[in-house]
Amino acid sequence: MAAVLGRSAARFADFLRDHAPLLRKLQWCVVGVYAFLLIVPALLPLPDNAASVFNNLTILAQFAFWGIWWPFVLVSIPLLGRAWCGWLCPEGMLTEWASERGRGRSIPKWMRWGGWPFVAFALTTVYGQLVSVYQYPLAVLAVLGGSTMAAMVVGYLYGRNKRVWCKYLCPVNGVFNLLAKLAPWHFKVDEEAWRHPVIRIEPVNCAPLVPLRHMKGAGDCHVCGRCSGYRGAIALTPRSPEQEIVKIATGDAWQTALICFGLMGIAIGAFLWSASPWFVTVKQWAATWLVEHDILWPLLDNAPWFILTHYPEMNDSFSWLDGAGILLFVVGCTVCVGGVAFAALWLADRVAPAGPGGGPLAGVHRLAQALIPAAGIGVFLGLSATTVTLLGHEGVSTGWADPVRFTLLTLAVGWSLRLLWRLLAQRAVAWPRRLGAWLLAAAGLAPFCAAWVLFFAVW
């Protein structure tokens, strides 16, 4: 069976390589649809309460972006690798197109900084909440359209026929890189065949700047198929979804930050604040205190729409206090959920140390890779909440949603616990210490699970 799957995967990758012009035409079609749904709704009046996905383009675009597009792009990454990036992503297509016609400058040192995936994700996530990106087309145009314009500018200025934006600055590059480590496929490099090629060698343009000869995992690969069969050494190959986490991935400080503080902290805060009664209670207390002390400017809702949500015709405008409250709520979730998860990993690494080498936190970064399934399902649950809400507005029964949500959450957390055990099993410590470390790391996921129980079952 494995041999059959391997041959089928290799043939499919060769098909992608040999039909690159067809794939590019498909990408241009996606760019057209993306541009239409991004720009046209921003030019139309805001929908009224009677509008639906069947009679209003703005609601249709909202459902397309936040009900279907982003939730199921996330689902596709652990299943197919970063095929979305290589086959369909409009930003990837446009930045490469611009790079083909651009100035071809060398990539500056500041752009290669390893923290951009975390910083870009954090800033985009928080800013999207401040301007209500899930609700209003102007906010979508600012967030997604701004990102697309930046991708084209970066493509025009730097690299030649490359996706420099995707490699270094894309706000979801870090997330996709992590989730792709779970993919059951990857382009495997045969080092012996590379050293002694027996077929004609033709140049390959790896747009996402992956060092092909030393490619070990699927995190950076866009699955475009261009390198399939190169030097007779590269082939799309099935593998265990756990292989990269257990045998290859080591992680680093920024990946750990993105897993614990980004996906399990900032993202949860961004999803939960609007449903939290705690947020309302604290905001009311703060407003009362401000009025009593004659400090009224934080209660004003005079910020423009591109800084804080401001749609008075919809009776929806954020005050400066609202904006500050959202930021503080996100910070609180980052500390209480992401911080606890990180502290638990640190304690687990102290109980069952990884051994010398790699720096004082190398063992923590290695263990953090096991949390990718749980962190990933958290983002999917948050995004798919919009899907369920929109379906409910269209009269679709959503009674199935909570059982499905908690099933997915249980499976993902269970997978993370299994990966933790497998990683700890590689350490030369007695089994009681290994078990103690595993229990500590497992306890660190308790606030993460509790947050979703509050969101879906309590609030």
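The model is predicted, so local features need pLDDT of at least 70 and side-chain atom pairs count only at pLDDT 80 or more, while totals for chains, interfaces and linings use all residues. Residues are numbered from 1 along each chain as its sequence is written, and side-chain values use heavy atoms, with hydrogens and water left out. The chain is divided into domain 1 (1-180) and domain 2 (250-458), with bounds from an automatic or database domain assignment.

**Where the two domains meet**

- The centres of domain 1 and domain 2, taken over C-alpha atoms, are 23 Å apart.
- Domain 1 gives 39 residues to the contact and domain 2 gives 39 residues; contact means heavy atoms within 4.5 Å.
- The size of an interface is often given as the accessible area lost when the parts come together.
- About 3300 Å² is buried between domain 1 and domain 2, and carbon and sulfur atoms give 77% of this area. Buried area is the accessible area (1.4 Å probe) that two parts lose on being put together, summed over both.
- Zero salt bridges are counted between domain 1 and domain 2, where a salt bridge is a side-chain nitrogen of Lys or Arg within 4 Å of a carboxyl oxygen of Asp or Glu.
- On the side of domain 1 that touches domain 2, at least two residues each come from H3, helix H6 (116-130), helix H7 (137-157) and H9. Helices (H or I, at least four residues) and strands (E, at least two) are DSSP runs, numbered from the N terminus.
- H3 supplies the largest share of that side, ten residues.

**A buried helix**

- Helix H9 (residues 173-180) has eight of its eight residues buried, so the helix is largely enclosed by the rest of the structure. Buried means under 20% relative accessible area, exposed over 50%, and partly exposed in between (1.4 Å probe, protein chains only).
- Among the buried residues of H9 are Phe176, Leu178 and Leu179.

**Salt bridges**

- The structure holds 16 salt bridges.
- Arg17 and Asp14 form one of them, at 3.3 Å from N to O. Both residues lie in helix H1 (residues 2-18), three residues apart, which is about one turn of the helix.
- Arg17 is partly exposed at 32% relative accessibility, and Asp14 is partly exposed at 25%.
- An α-helix has 3.6 residues a turn, so residues three or four places apart point the same way.
- Glu96 and Arg163 form a salt bridge at 2.9 Å from N to O. Glu96 lies in helix H5 (residues 90-100) and Arg163 in the loop between H7 and helix H8 (164-168), so the pair ties together parts that are 67 residues apart in sequence.
- Glu96 and Arg163 are both buried.

- Val223 has a positive phi of about 55° although it is not a glycine. Val223 sits in the loop between helix H10 (191-195) and strand E2 (234-238), and is buried at 9% relative accessible area.
- Asp294, also not a glycine, has a positive phi near 60°. Asp294 is in the loop between helix H13 (277-292) and strand E3 (310-311), and is exposed at 63% relative accessibility.
- Asn56 lies in the loop between helix H2 (20-43) and helix H3 (57-80), and is buried at 18% relative accessibility.
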